[in-house]
Amino acid sequence: MRIAAPLLALAVALGSAAPASAAITYVGRVASATSAVSATSAAVKTTRAVPAGDAVIVAVLLSSTTTATAKVTDTAGNVYSLDRDQNDGSAADRVLMFSSRSVKALASGATLTVTFPKSAAWHVSADEFTGVLAPDRSASAFATGTSFNSGTSGTTTQSNELVFGVVGNESGNAPVWASGWTALPTLSISTDRLTAAWRLAGAPAAFAASGTISGTWMAGVVTYTPSAPLDLAPVARLSITSTAGSLAVTADGSLSTDTDVTPIGSYRFDFGDGTPPVTITSPTASTPHTYATGGTYTVSLIATDTGGQPSAAATASVTVNLPPPDFAPVAKLTVTNSPIPSLHVTADAAGSTDTDLTPIASYSFDFGDGTPPVNVTAPATTADHTYATGGTYTVTLIATDTGAQPSTAVTADVTVNPDLPPVPGLTLANAASPPRTITADASTSTDTDGTGVATYSFDFGDGTPPVIKHPPTATATHTYA
(Lines give C-alpha, C1' and ligand atoms only; values in the text may rest on other atoms or scores of the structure.)
Protein backbone atom coordinates (compact mmCIF):
# COMPACT_ATOMS: atom_id res chain seq x y z
CA MET A 1 0.00 0.00 0.00
CA ARG A 2 1.25 3.46 -0.93
CA ILE A 3 0.22 6.99 -0.19
CA ALA A 4 -1.87 8.83 -2.76
CA ALA A 5 0.32 10.67 -5.24
CA PRO A 6 -0.82 13.62 -7.39
CA LEU A 7 -3.40 12.74 -10.04
CA LEU A 8 -2.43 13.38 -13.65
CA ALA A 9 -5.41 14.27 -15.88
CA LEU A 10 -4.86 14.18 -19.63
CA ALA A 11 -7.88 15.57 -21.48
CA VAL A 12 -7.43 15.63 -25.21
CA ALA A 13 -8.78 15.01 -28.63
CA LEU A 14 -12.31 15.62 -29.62
CA GLY A 15 -13.71 13.25 -32.23
CA SER A 16 -15.12 15.17 -35.17
CA ALA A 17 -18.68 14.52 -36.29
CA ALA A 18 -19.28 12.16 -39.20
CA PRO A 19 -21.53 13.36 -42.04
CA ALA A 20 -25.18 13.56 -40.98
CA SER A 21 -28.04 11.76 -42.69
CA ALA A 22 -30.28 13.82 -45.01
CA ALA A 23 -32.01 16.81 -43.42
CA ILE A 24 -34.53 19.27 -44.84
CA THR A 25 -32.81 21.90 -46.95
CA TYR A 26 -34.07 24.73 -49.13
CA VAL A 27 -33.01 24.29 -52.79
CA GLY A 28 -34.56 27.36 -54.39
CA ARG A 29 -37.51 28.89 -56.20
CA VAL A 30 -38.73 26.68 -59.05
CA ALA A 31 -41.37 28.93 -60.62
CA SER A 32 -43.37 32.11 -60.02
CA ALA A 33 -45.82 34.30 -61.92
CA THR A 34 -48.62 36.85 -61.48
CA SER A 35 -51.58 37.96 -63.60
CA ALA A 36 -54.09 40.77 -63.31
CA VAL A 37 -56.35 39.15 -65.93
CA SER A 38 -59.50 37.42 -64.69
CA ALA A 39 -59.11 33.62 -65.08
CA THR A 40 -59.94 30.19 -63.63
CA SER A 41 -56.44 28.75 -63.88
CA ALA A 42 -52.80 29.78 -63.77
CA ALA A 43 -50.00 28.03 -65.66
CA VAL A 44 -46.41 28.67 -64.54
CA LYS A 45 -43.22 27.26 -66.03
CA THR A 46 -40.32 25.78 -64.02
CA THR A 47 -37.08 27.67 -64.52
CA ARG A 48 -34.94 24.60 -63.81
CA ALA A 49 -35.25 20.86 -63.34
CA VAL A 50 -36.48 19.32 -60.06
CA PRO A 51 -34.97 15.88 -59.33
CA ALA A 52 -37.13 12.97 -58.25
CA GLY A 53 -37.65 12.66 -54.50
CA ASP A 54 -37.65 16.38 -53.67
CA ALA A 55 -40.68 18.38 -52.49
CA VAL A 56 -42.41 21.35 -54.17
CA ILE A 57 -44.48 23.76 -52.05
CA VAL A 58 -46.87 26.05 -53.97
CA ALA A 59 -48.26 29.31 -52.54
CA VAL A 60 -51.26 31.02 -54.20
CA LEU A 61 -52.99 34.40 -53.73
CA LEU A 62 -56.41 34.79 -55.44
CA SER A 63 -58.36 38.05 -55.70
CA SER A 64 -62.15 38.50 -55.83
CA THR A 65 -62.87 34.79 -55.93
CA THR A 66 -65.01 32.27 -54.00
CA THR A 67 -64.38 29.44 -51.55
CA ALA A 68 -64.80 26.73 -54.19
CA THR A 69 -62.15 23.98 -54.53
CA ALA A 70 -58.73 24.74 -55.97
CA LYS A 71 -56.03 22.28 -57.04
CA VAL A 72 -52.53 21.99 -58.52
CA THR A 73 -51.27 19.62 -61.22
CA ASP A 74 -48.06 19.38 -63.23
CA THR A 75 -46.85 17.79 -66.44
CA ALA A 76 -45.07 14.96 -64.55
CA GLY A 77 -48.33 13.82 -62.95
CA ASN A 78 -47.40 14.65 -59.37
CA VAL A 79 -50.15 14.80 -56.75
CA TYR A 80 -50.44 18.00 -54.70
CA SER A 81 -52.26 18.20 -51.36
CA LEU A 82 -54.06 21.36 -50.25
CA ASP A 83 -52.34 22.02 -46.90
CA ARG A 84 -54.04 25.33 -45.93
CA ASP A 85 -56.73 27.66 -47.36
CA GLN A 86 -57.47 31.03 -45.73
CA ASN A 87 -59.84 33.77 -46.99
CA ASP A 88 -60.11 37.39 -45.90
CA GLY A 89 -63.42 36.90 -44.11
CA SER A 90 -65.59 37.99 -47.00
CA ALA A 91 -64.61 35.11 -49.32
CA ALA A 92 -63.31 37.72 -51.76
CA ASP A 93 -59.57 36.95 -51.54
CA ARG A 94 -57.78 33.71 -50.58
CA VAL A 95 -54.28 32.47 -49.67
CA LEU A 96 -53.65 28.76 -50.36
CA MET A 97 -50.72 26.40 -49.70
CA PHE A 98 -50.15 23.15 -51.66
CA SER A 99 -47.36 20.59 -51.52
CA SER A 100 -46.15 17.52 -53.37
CA ARG A 101 -43.52 15.38 -51.61
CA SER A 102 -41.16 12.85 -53.17
CA VAL A 103 -42.04 14.15 -56.61
CA LYS A 104 -41.45 12.53 -59.94
CA ALA A 105 -38.72 14.43 -61.75
CA LEU A 106 -39.74 17.73 -63.35
CA ALA A 107 -37.82 18.99 -66.36
CA SER A 108 -36.85 22.61 -66.77
CA GLY A 109 -39.78 24.30 -68.50
CA ALA A 110 -42.35 21.89 -67.09
CA THR A 111 -45.79 23.38 -66.40
CA LEU A 112 -47.48 23.67 -63.01
CA THR A 113 -51.18 24.42 -63.37
CA VAL A 114 -53.30 25.88 -60.56
CA THR A 115 -57.06 25.53 -61.13
CA PHE A 116 -59.46 27.68 -59.07
CA PRO A 117 -62.81 29.48 -59.20
CA LYS A 118 -62.84 32.59 -61.34
CA SER A 119 -60.37 35.12 -59.89
CA ALA A 120 -59.80 38.74 -60.84
CA ALA A 121 -56.02 38.29 -60.38
CA TRP A 122 -53.60 35.63 -59.16
CA HIS A 123 -50.10 35.19 -57.72
CA VAL A 124 -48.34 31.77 -57.75
CA SER A 125 -44.91 30.76 -56.39
CA ALA A 126 -43.32 27.30 -56.20
CA ASP A 127 -40.29 26.46 -53.99
CA GLU A 128 -38.19 23.29 -53.81
CA PHE A 129 -36.98 21.52 -50.64
CA THR A 130 -35.16 18.24 -50.00
CA GLY A 131 -35.88 15.80 -47.18
CA VAL A 132 -39.61 16.61 -46.70
CA LEU A 133 -41.87 13.70 -45.70
CA ALA A 134 -45.38 14.98 -44.97
CA PRO A 135 -47.46 17.91 -43.60
CA ASP A 136 -47.69 17.90 -39.81
CA ARG A 137 -49.45 20.92 -38.24
CA SER A 138 -51.07 24.06 -39.71
CA ALA A 139 -52.84 27.28 -38.78
CA SER A 140 -54.11 30.42 -40.52
CA ALA A 141 -55.82 33.74 -39.79
CA PHE A 142 -56.81 37.09 -41.34
CA ALA A 143 -57.22 40.66 -40.05
CA THR A 144 -56.44 44.30 -40.80
CA GLY A 145 -53.61 46.00 -38.95
CA THR A 146 -49.90 46.77 -38.72
CA SER A 147 -48.79 43.22 -37.97
CA PHE A 148 -49.76 39.74 -39.11
CA ASN A 149 -49.91 36.44 -37.22
CA SER A 150 -51.23 33.16 -38.53
CA GLY A 151 -51.85 31.75 -35.06
CA THR A 152 -49.70 28.87 -33.78
CA SER A 153 -49.48 25.63 -35.68
CA GLY A 154 -49.43 23.51 -32.54
CA THR A 155 -46.28 21.84 -31.31
CA THR A 156 -44.23 20.16 -34.02
CA THR A 157 -43.96 16.44 -33.40
CA GLN A 158 -40.20 16.09 -33.86
CA SER A 159 -36.99 18.07 -34.19
CA ASN A 160 -35.79 19.56 -37.50
CA GLU A 161 -39.23 20.02 -39.09
CA LEU A 162 -39.72 22.52 -41.92
CA VAL A 163 -41.99 25.46 -41.03
CA PHE A 164 -43.40 27.16 -44.15
CA GLY A 165 -45.34 30.42 -43.91
CA VAL A 166 -47.32 32.46 -46.43
CA VAL A 167 -48.87 35.94 -46.13
CA GLY A 168 -50.97 37.85 -48.67
CA ASN A 169 -52.01 41.46 -48.25
CA GLU A 170 -54.44 43.52 -50.32
CA SER A 171 -53.17 47.06 -49.59
CA GLY A 172 -50.54 49.05 -47.75
CA ASN A 173 -46.90 48.17 -47.32
CA ALA A 174 -45.15 44.89 -48.16
CA PRO A 175 -44.77 42.48 -45.19
CA VAL A 176 -41.57 42.17 -43.14
CA TRP A 177 -41.09 38.76 -41.52
CA ALA A 178 -40.24 38.32 -37.86
CA SER A 179 -36.76 37.25 -36.71
CA GLY A 180 -35.89 33.64 -37.46
CA TRP A 181 -37.70 33.48 -40.80
CA THR A 182 -36.01 33.40 -44.21
CA ALA A 183 -38.22 35.43 -46.51
CA LEU A 184 -38.54 34.44 -50.16
CA PRO A 185 -39.10 36.90 -53.06
CA THR A 186 -42.40 38.83 -52.91
CA LEU A 187 -44.84 38.70 -55.86
CA SER A 188 -46.77 41.93 -56.42
CA ILE A 189 -49.60 43.32 -58.51
CA SER A 190 -49.93 46.92 -57.42
CA THR A 191 -50.62 46.72 -53.66
CA ASP A 192 -51.64 43.06 -53.72
CA ARG A 193 -48.66 41.00 -52.55
CA LEU A 194 -47.80 37.34 -51.86
CA THR A 195 -44.75 36.48 -49.75
CA ALA A 196 -43.55 33.08 -48.51
CA ALA A 197 -40.91 32.37 -45.84
CA TRP A 198 -39.44 29.31 -44.15
CA ARG A 199 -37.47 28.17 -41.10
CA LEU A 200 -36.33 24.90 -39.53
CA ALA A 201 -37.61 23.92 -36.10
CA GLY A 202 -34.97 22.83 -33.58
CA ALA A 203 -36.67 21.08 -30.70
CA PRO A 204 -40.43 20.46 -30.98
CA ALA A 205 -42.28 23.77 -30.51
CA ALA A 206 -45.26 25.80 -31.74
CA PHE A 207 -44.76 28.27 -34.60
CA ALA A 208 -46.73 31.13 -36.18
CA ALA A 209 -46.16 33.00 -39.43
CA SER A 210 -45.73 36.57 -38.16
CA GLY A 211 -44.26 39.97 -38.91
CA THR A 212 -45.17 43.58 -39.66
CA ILE A 213 -47.55 44.68 -42.41
CA SER A 214 -50.26 47.20 -43.25
CA GLY A 215 -53.73 46.76 -44.67
CA THR A 216 -55.85 43.61 -44.76
CA TRP A 217 -53.85 40.38 -44.64
CA MET A 218 -54.26 36.59 -44.72
CA ALA A 219 -51.50 34.41 -43.22
CA GLY A 220 -50.96 30.66 -43.00
CA VAL A 221 -48.32 28.33 -41.59
CA VAL A 222 -47.73 24.60 -42.24
CA THR A 223 -45.06 22.38 -40.68
CA TYR A 224 -43.57 19.42 -42.55
CA THR A 225 -41.81 16.42 -41.01
CA PRO A 226 -38.35 15.42 -42.30
CA SER A 227 -38.08 12.28 -44.40
CA ALA A 228 -35.67 10.85 -41.80
CA PRO A 229 -34.73 12.09 -38.33
CA LEU A 230 -31.48 14.02 -38.35
CA ASP A 231 -28.88 11.61 -37.01
CA LEU A 232 -25.57 13.33 -36.38
CA ALA A 233 -22.57 11.31 -35.35
CA PRO A 234 -21.50 11.77 -31.72
CA VAL A 235 -18.49 13.89 -30.83
CA ALA A 236 -16.13 11.87 -28.60
CA ARG A 237 -14.20 13.55 -25.81
CA LEU A 238 -11.68 11.53 -23.81
CA SER A 239 -9.80 12.19 -20.59
CA ILE A 240 -7.36 9.86 -18.82
CA THR A 241 -6.63 9.95 -15.09
CA SER A 242 -3.54 8.21 -13.71
CA THR A 243 -1.71 8.17 -10.38
CA ALA A 244 2.02 8.83 -10.25
CA GLY A 245 3.85 5.61 -9.53
CA SER A 246 0.95 3.42 -10.63
CA LEU A 247 0.27 1.22 -13.67
CA ALA A 248 -3.51 1.79 -13.39
CA VAL A 249 -5.46 4.43 -15.37
CA THR A 250 -9.12 5.43 -15.64
CA ALA A 251 -10.55 6.44 -19.03
CA ASP A 252 -13.53 8.82 -19.06
CA GLY A 253 -15.76 9.67 -22.03
CA SER A 254 -18.48 11.47 -20.07
CA LEU A 255 -17.89 14.78 -21.89
CA SER A 256 -18.78 13.18 -25.24
CA THR A 257 -21.90 14.66 -26.84
CA ASP A 258 -24.68 13.77 -29.27
CA THR A 259 -27.41 16.39 -29.56
CA ASP A 260 -29.85 14.67 -31.91
CA VAL A 261 -32.62 12.13 -31.31
CA THR A 262 -30.20 9.18 -31.20
CA PRO A 263 -28.09 9.57 -28.04
CA ILE A 264 -24.80 7.82 -27.38
CA GLY A 265 -25.40 4.12 -26.70
CA SER A 266 -21.89 2.74 -26.16
CA TYR A 267 -18.27 3.72 -25.57
CA ARG A 268 -15.33 1.71 -26.98
CA PHE A 269 -12.02 2.23 -25.17
CA ASP A 270 -8.76 0.91 -26.65
CA PHE A 271 -5.91 1.25 -24.16
CA GLY A 272 -3.18 0.88 -26.76
CA ASP A 273 -1.32 -2.02 -25.13
CA GLY A 274 -2.61 -4.85 -27.30
CA THR A 275 -5.35 -5.92 -24.89
CA PRO A 276 -8.86 -6.25 -26.37
CA PRO A 277 -10.83 -2.96 -26.53
CA VAL A 278 -13.47 -2.50 -23.84
CA THR A 279 -17.01 -1.58 -24.97
CA ILE A 280 -19.40 -0.39 -22.26
CA THR A 281 -22.66 1.55 -22.02
CA SER A 282 -21.33 3.79 -19.25
CA PRO A 283 -18.92 6.59 -20.22
CA THR A 284 -16.52 5.53 -17.42
CA ALA A 285 -15.34 1.99 -16.70
CA SER A 286 -16.18 0.79 -13.17
CA THR A 287 -12.64 -0.60 -12.71
CA PRO A 288 -9.37 1.03 -13.85
CA HIS A 289 -7.23 -0.51 -16.59
CA THR A 290 -3.85 -1.76 -15.37
CA TYR A 291 -0.92 -1.96 -17.75
CA ALA A 292 1.51 -4.87 -17.51
CA THR A 293 4.60 -2.67 -17.82
CA GLY A 294 5.46 0.99 -17.53
CA GLY A 295 5.63 3.20 -20.61
CA THR A 296 3.71 5.72 -22.73
CA TYR A 297 0.47 4.51 -24.33
CA THR A 298 -2.14 6.07 -26.65
CA VAL A 299 -5.71 5.50 -25.48
CA SER A 300 -8.57 5.95 -27.97
CA LEU A 301 -12.33 6.31 -27.62
CA ILE A 302 -15.11 5.80 -30.19
CA ALA A 303 -18.64 6.72 -29.08
CA THR A 304 -21.51 5.13 -31.02
CA ASP A 305 -25.11 6.38 -30.89
CA THR A 306 -28.29 4.31 -30.77
CA GLY A 307 -28.68 4.82 -34.53
CA GLY A 308 -25.37 3.05 -35.14
CA GLN A 309 -23.44 6.25 -35.97
CA PRO A 310 -19.84 6.08 -34.68
CA SER A 311 -17.83 9.16 -33.74
CA ALA A 312 -14.37 9.87 -34.99
CA ALA A 313 -11.79 8.46 -32.59
CA ALA A 314 -10.61 10.71 -29.78
CA THR A 315 -7.14 9.90 -28.43
CA ALA A 316 -5.06 10.69 -25.36
CA SER A 317 -1.49 9.85 -24.43
CA VAL A 318 -0.69 8.59 -20.92
CA THR A 319 2.59 7.61 -19.25
CA VAL A 320 2.59 5.03 -16.45
CA ASN A 321 5.50 3.86 -14.28
CA LEU A 322 6.24 1.12 -11.78
CA PRO A 323 5.91 2.37 -8.21
CA PRO A 324 9.16 3.23 -6.34
CA PRO A 325 10.34 0.81 -3.60
CA ASP A 326 8.85 1.14 -0.14
CA PHE A 327 11.60 1.24 2.50
CA ALA A 328 10.95 0.53 6.16
CA PRO A 329 11.11 3.50 8.56
CA VAL A 330 14.13 4.06 10.83
CA ALA A 331 12.94 4.38 14.45
CA LYS A 332 14.64 6.57 17.07
CA LEU A 333 13.67 6.60 20.77
CA THR A 334 14.33 8.82 23.77
CA VAL A 335 12.83 8.30 27.25
CA THR A 336 12.84 10.95 30.03
CA ASN A 337 11.77 10.97 33.70
CA SER A 338 9.72 13.95 34.70
CA PRO A 339 10.04 14.91 37.52
CA ILE A 340 12.82 13.03 39.37
CA PRO A 341 12.28 10.89 41.34
CA SER A 342 8.99 9.74 39.81
CA LEU A 343 7.34 6.65 38.40
CA HIS A 344 6.20 8.71 35.35
CA VAL A 345 8.15 8.74 32.04
CA THR A 346 7.71 10.21 28.54
CA ALA A 347 8.79 8.24 25.47
CA ASP A 348 9.50 10.25 22.29
CA ALA A 349 9.90 8.96 18.69
CA ALA A 350 10.32 12.37 17.06
CA GLY A 351 13.72 11.49 15.64
CA SER A 352 12.31 8.60 13.57
CA THR A 353 12.54 8.96 9.75
CA ASP A 354 11.06 7.53 6.52
CA THR A 355 12.29 9.18 3.32
CA ASP A 356 10.21 7.39 0.64
CA LEU A 357 6.63 7.95 -0.59
CA THR A 358 5.10 6.09 2.36
CA PRO A 359 5.67 8.19 5.50
CA ILE A 360 5.41 6.97 9.08
CA ALA A 361 1.78 6.37 10.03
CA SER A 362 2.03 5.14 13.66
CA TYR A 363 4.32 4.42 16.62
CA SER A 364 4.04 1.49 19.06
CA PHE A 365 5.64 1.99 22.52
CA ASP A 366 6.16 -1.03 24.82
CA PHE A 367 7.17 0.18 28.30
CA GLY A 368 8.54 -3.19 29.41
CA ASP A 369 6.41 -3.69 32.53
CA GLY A 370 3.87 -6.11 31.07
CA THR A 371 1.24 -3.48 30.29
CA PRO A 372 -0.17 -3.38 26.71
CA PRO A 373 1.85 -1.34 24.18
CA VAL A 374 0.69 2.24 23.59
CA ASN A 375 -0.06 3.01 19.91
CA VAL A 376 0.20 6.61 18.70
CA THR A 377 -0.99 7.84 15.27
CA ALA A 378 1.24 10.30 13.39
CA PRO A 379 1.83 13.21 13.47
CA ALA A 380 1.88 12.67 17.28
CA THR A 381 5.23 11.15 18.37
CA THR A 382 5.10 10.85 22.20
CA ALA A 383 3.50 8.61 24.81
CA ASP A 384 3.37 9.01 28.63
CA HIS A 385 3.48 6.09 31.07
CA THR A 386 3.46 5.67 34.85
CA TYR A 387 5.05 2.56 36.37
CA ALA A 388 3.52 0.81 39.35
CA THR A 389 6.87 0.27 41.13
CA GLY A 390 10.37 1.64 40.91
CA GLY A 391 13.09 -0.12 38.98
CA THR A 392 14.91 -0.19 35.65
CA TYR A 393 12.80 -0.94 32.56
CA THR A 394 13.51 -1.41 28.85
CA VAL A 395 11.23 0.66 26.58
CA THR A 396 10.79 -0.59 22.96
CA LEU A 397 9.63 1.43 19.90
CA ILE A 398 8.44 0.17 16.47
CA ALA A 399 7.46 2.74 13.77
CA THR A 400 5.15 1.62 10.91
CA ASP A 401 4.64 3.50 7.58
CA THR A 402 1.53 3.92 5.41
CA GLY A 403 2.67 0.97 3.31
CA ALA A 404 2.47 -1.23 6.47
CA GLN A 405 6.26 -1.53 6.60
CA PRO A 406 7.50 -1.78 10.24
CA SER A 407 10.84 -0.49 11.40
CA THR A 408 13.40 -2.51 13.32
CA ALA A 409 12.64 -2.30 17.05
CA VAL A 410 14.79 0.15 19.04
CA THR A 411 15.11 0.19 22.86
CA ALA A 412 16.07 2.52 25.66
CA ASP A 413 16.50 1.77 29.39
CA VAL A 414 14.99 3.98 32.07
CA THR A 415 15.24 3.82 35.87
CA VAL A 416 12.38 5.10 38.00
CA ASN A 417 12.17 5.45 41.79
CA PRO A 418 9.24 6.13 44.09
CA ASP A 419 9.28 9.20 46.37
CA LEU A 420 9.91 7.67 49.88
CA PRO A 421 9.22 9.60 53.15
CA PRO A 422 12.17 10.98 55.17
CA VAL A 423 13.46 9.12 58.32
CA PRO A 424 13.44 11.61 61.26
CA GLY A 425 16.29 11.77 63.85
CA LEU A 426 15.81 13.73 67.11
CA THR A 427 18.05 14.60 70.12
CA LEU A 428 17.19 16.84 73.11
CA ALA A 429 19.52 18.89 75.35
CA ASN A 430 18.70 20.89 78.56
CA ALA A 431 20.12 24.35 78.75
CA ALA A 432 21.98 25.37 81.90
CA SER A 433 20.26 28.71 81.91
CA PRO A 434 17.54 29.76 81.89
CA PRO A 435 15.87 26.86 83.67
CA ARG A 436 13.16 24.80 81.87
CA THR A 437 14.74 25.49 78.46
CA ILE A 438 15.62 22.67 76.03
CA THR A 439 17.06 22.44 72.49
CA ALA A 440 15.58 19.90 70.02
CA ASP A 441 17.93 18.78 67.20
CA ALA A 442 16.74 16.97 63.99
CA SER A 443 20.02 17.12 62.08
CA THR A 444 20.34 13.32 62.09
CA SER A 445 17.14 12.98 59.97
CA THR A 446 17.68 11.37 56.53
CA ASP A 447 16.01 11.22 53.05
CA THR A 448 17.96 9.22 50.46
CA ASP A 449 15.61 9.17 47.45
CA GLY A 450 16.61 12.48 45.90
CA THR A 451 13.83 14.61 47.32
CA GLY A 452 15.53 15.99 50.43
CA VAL A 453 13.93 17.22 53.67
CA ALA A 454 12.04 20.45 53.09
CA THR A 455 10.79 21.26 56.65
CA TYR A 456 11.18 20.19 60.30
CA SER A 457 8.12 20.46 62.57
CA PHE A 458 8.90 20.37 66.33
CA ASP A 459 5.98 19.78 68.76
CA PHE A 460 7.17 20.24 72.39
CA GLY A 461 4.15 18.50 73.91
CA ASP A 462 2.88 21.32 76.13
CA GLY A 463 0.08 22.52 73.92
CA THR A 464 2.04 25.30 72.34
CA PRO A 465 2.01 25.48 68.49
CA PRO A 466 4.62 23.39 66.65
CA VAL A 467 7.78 25.21 65.64
CA ILE A 468 8.60 24.96 61.89
CA LYS A 469 12.20 25.11 60.68
CA HIS A 470 13.63 24.93 57.14
CA PRO A 471 16.98 23.48 56.19
CA PRO A 472 19.76 24.17 56.71
CA THR A 473 18.39 24.98 60.20
CA ALA A 474 17.58 21.70 61.98
CA THR A 475 17.22 22.84 65.65
CA ALA A 476 14.60 24.60 67.74
CA THR A 477 14.80 25.94 71.36
CA HIS A 478 11.76 25.91 73.70
CA THR A 479 11.14 27.11 77.31
CA TYR A 480 8.43 25.34 79.27
CA ALA A 481 6.07 27.30 81.52
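Visitor: In β9, which residue is the bridge partner of S35?

Guide: The bridge partner of S35 in β9 is W122. Before going on, note that this is a predicted model, where local features need pLDDT of at least 70, side-chain atom pairs count only at pLDDT 80 or more, and totals for chains, interfaces and linings use all residues. Residues are numbered from 1 along each chain as its sequence is written, and side-chain values use heavy atoms, with hydrogens and water left out.

Visitor: How do I read a sheet here, and which order do the strands take?

Guide: Strands of a sheet pair through backbone hydrogen bonds, either parallel or antiparallel. Strands are DSSP runs (E, at least two residues; helices are H or I, at least four), numbered from the N terminus, and two strands pair if DSSP finds at least two bridges between them. Here an open sheet of five strands runs β2-β9-β4-β7-β6, with antiparallel pairing. The edges are β2 (25-35) and β6 (81-87); each has a single partner strand, so one side of each lacks a neighbour in the sheet. On average, neighbouring strands of this sheet are turned by 15° against each other, direction ignored, with axes being lines fitted to C-alpha atoms.

Visitor: How many bridges join β2 and β9?

Guide: Nine bridges, in the antiparallel sense, pair β2 with β9 (residues 121-130).

Visitor: What is a nonpolar core, and which residues of the largest one touch the most other members?

Guide: It is a set of buried Ala, Val, Leu, Ile, Met, Phe, Trp, Tyr and Cys residues joined through side-chain atoms within 4.5 Å; buried means under 20% relative accessible area, with a 1.4 Å probe and protein chains only. The largest core has 23 residues, and V56, V58, V60, Y80, F98 and V124 touch the most other members. β4 (55-63) gives the largest share, four residues.

Visitor: What is V124 in contact with, beyond its neighbours within four places in sequence?

Guide: Contact means heavy atoms within 4.5 Å. The partners of V124 include A31, A33, V44, V58, V60, L187 and L194. Apart from this core lies another, of 21 residues, among them A331, V335, F365 and F367.

Visitor: How many helices and strands does the protein chain have, and why is it called more spread out than a compact globule?

Guide: There are zero helices and 37 strands. The globule rule is 2.2 Å times the number of residues to the power 0.38, and the radius of gyration is taken over C-alpha atoms. For 481 residues the rule gives 23 Å, but the radius of gyration is 51 Å, well over that, so the chain is more spread out than a compact globule. Its C-alpha atoms fill a box of roughly 170 × 65 × 25 Å along the principal axes.

Conventions. Axes are lines fitted to C-alpha atoms, for helices over the stretch in contact, and angles run from 0 to 180 degrees between N-to-C directions. Buried means under 20% relative accessible area, exposed over 50%, partly exposed in between (1.4 Å probe, protein chains only).
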